[in-house]
Amino acid sequence: MLLADVPLSRLSLSVLLLLLLLPPTSSFFPNVWSLLAAPGSVTHQDLTEEAALNVTLQLFLEQPPPGRPPLRLEDFLGRTLLADDLFAAYFGPGFPSRRFRAALGEVSRANAAQDFLPTSRNDPDLHFDAERLGQGRTRLAGALREALVAARALEHTLARQRLGAALHALQDFYSHSNWVELGQQQPHPHLLWPRQELQSLAQVGDPTCSDCEELSCSGNLLGFTLLTSGYFGTHPSKPPGKCSHGGRFDRSSSQPPRGGINKDSTSPGFSPHHMLHLQAAKLALLASIQAFSLLRNRLGDKGFSRLLDISPASSLSFVLDTTGSMGEEINAAKIQARHIVERRRGSPMEPVHYVLVPFHDPGFGPVFTTSDPDSFWQQLNEIHALGGGDEPEMCLSALELALLHTPPRSDIFVFTDASPKDAILTNRVESLTQERRCRVTFLVTEDPSRLQGRARREVLSPLRFEPYEAVALASGGEVIFTKDQHIQDVAAIVGDSMADLVTLPLEPPAVVSGRPLVFRVDALLQRVTVRIHREVSSFWIRNPAGLQTQLLVEVTGLGSRRKPGDPRPHFSHVVLRGVPEGAERGRVPLEPTGPRERGLLAASLPPALLSTAGPFSLELIGQDREGRRLHRAAPQPCTVLPVLLELAGSPGFLAPGSRAPLSVRVASFSGHQDLDLRTSVSPSFPLTSNLSRVRLEPNETAWGRLWLEVPDSAAPDSVVSVTVTATGREASPVPPTHAFLRLLVLGPAQQDPLAAPAHSSGPILASTSPASTWVTWGRAGGGRVGNPWWGTVGGVLLLLGLASW
């Protein structure tokens, strides 16, 4: 199943895909496990988000924003702090925290993935299991170094993934070892700094545990002062006298000495030392704060802010057709870019990254990236419309290049007057927009019905712009057709910040010729933007509340923010509709799940929906505190695919001159599948695979191996992108499915990058929640799961995460 990202704010709907029947885990639970198996447990996501919010608040306290009064710690004491509240206090009302929440969601998902990815879930070095404490510390330090190098190279998605892996291991140390049982009240002083030796480790012949036949094993650790950890499973096998991890999934716990010592949860069925869970979580949180502070120290405040997308601004990416007929469009792009640079310079909304990719025929690129607005403007100003002039052009190739170099959750604007010559890339670019969660808007100065204009080598179909429409739909963007004389006005949309937009659904949802297009505006909205394409004979705006309204490009004054203490909106159900016809496929009730401040709602999807082909949209229905109707729609459609494709690499980095094994998994959810697999890699390193075709029965899975050859000439601290595509053969007409993997080529370390942090690594706020020892924060949430890590599908649960507004 592939779910498109649903980036809504002001009253936001995000979609998290959860497959039940998860494989065994051996660490702090993901949030889902705490809800299903051990309520009240502190999870990896809890620890990660609370630590990140602690360090972010500390940054805000130490670095007051320009032109605004400094934050005061006393203003946050004794209250539950949400990410949106923190951002509103620092940047001012109306500034969204979605990018921060989504970036933190990437870290949290990468953290949880360590328990599910086949390359990491059974590796004791990555979980501090099997008394491999020194090896675990080495792998932990390596993952933090990779996160640091990737962040410095502006590969922030990769940096967040490696940070999540490092935090998972760090947090596991306090649950899987006996550090808590030894009476320690602070994190291990040498765990994050590899030049310090770990002392007092239990040796191979030292007995560590006694036999325990009960679920609770509070007294099974032998009385000694050496540091140990439990064995999990059978690889490696548990020596005589050693402790097990313990719990229902640990096969080693049935071998004497039975029982275990893990503190992953509050449930004795999963955690024999469940009574120490909160103490372990406390130390894991403090250690996670240390790790975030360490990265802040090494990256600096600006680099750390970019790592977690703390700035509310998004990046700005232009893809420009540079053929001879594009003079007006290029000038419009220049004017709008200059306007953005001048208007936002020095403000919180100044773009943090700029990308420019030109194209024509037959070429495209090179890509230009910078964080300096003056450099971006200078490069853009040097582009002129030269040569060419015929149609079609290499637009999608240039857009793919832009997507690979644009940070996630950014807006990309494509200026062209030609259809794509490389339409074969349509499906791949669609998938990449969803994987990168970037919104693509095409500004096309040729009406699809117009037949004169450019020179053409052949008669072109009136449907030739359909690839643009497909990519825009998949990304939540749009295609705007206009004329040369109007491009200056149309290009003004580039100045709008699309990061905090919500989508209001039409009522009825299908567009019918001759019928009015109706949507409802509720009191939670700050402003309304109406864009009307094509010829319009008449339109009107009706405001049943009688509020003052101005008819402009934007309508303002229709809503106000929720005041502190006001009741939160209530949401009752979600409606699913077919795309594009708008027919209702079903509606399912929503139920709150977990603590109230998390804003999670659960709904079970009917099996009939999951077996229905074609995309569908999601609409959230509810009421505000005064009983007025609330209605939100996801801007991107969701699709149930019959095939799951997963690509994974070995934990750690690549080295020049090495041969890296990768794994690919293909699973069939329904029906017989006959698939071809194709691979590609950028840059063009040798890549071989033992799996080029698979035939699957329903609920059957196939595994394959790939080998990536990294040449000696590979640039240190560079990134390699690997793509696997599955396409159905004639007997299995499955739409193409893609899996993407980015790997870091790491050069030799010149110095120890993990110096002790200069900033405070202690908690900022005391907790008011019994489930967390230090901080009670709103959950960051947000975003879709990019690569599922789980096994056989036994059911599907959609969690609708409601971000603040």
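**View 1. Helix 7 bends by about 120 degrees at G300.** The model shown here is predicted. Helix 7 covers residues 277-307, and its end C-alpha atoms lie only 30 Å apart, whereas a straight helix of 31 residues would span 45 Å at 1.5 Å a residue. Helix 7 is mostly covered, with 23 of its 31 residues buried. After the helix comes D309, which has a positive phi, near 50 degrees.

**View 2. L403 is a buried residue of helix 10.** Helix 10 is formed by residues 395-405. The relative accessible area of L403 is 0%, and L403 counts as buried because this value falls under the 20% limit. Leaving aside neighbours within four places in sequence, L403 is in contact with I412, V429, L432, T433, R436 and C438. V440 stands 37 residues from L403 in sequence, and the two are 9.5 Å apart in space, C-alpha to C-alpha.

**View 3. Strand 20 and strand 24 pair in the antiparallel sense.** Eight bridges join strand 20 (residues 673-682) to strand 24 (residues 718-728). The bridge partner of S682 is S721, in strand 24.

Notes: Residues numbered from 1 in each chain as written. Predicted model: local features only at pLDDT ≥ 70, side-chain atom pairs only at ≥ 80, totals over all residues. Heavy atoms only, no water. Helix = DSSP H or I, 4+ residues; strand = E, 2+ residues; numbered from the N terminus. Expected span 1.5 Å × (residues − 1). Bend = angle between axes of the 7 residues up to and from the residue. Buried < 20%, exposed > 50% of the residue type's maximum accessible area, 1.4 Å probe, protein only. Contact = heavy atoms within 4.5 Å. Pairing = 2+ DSSP bridges.
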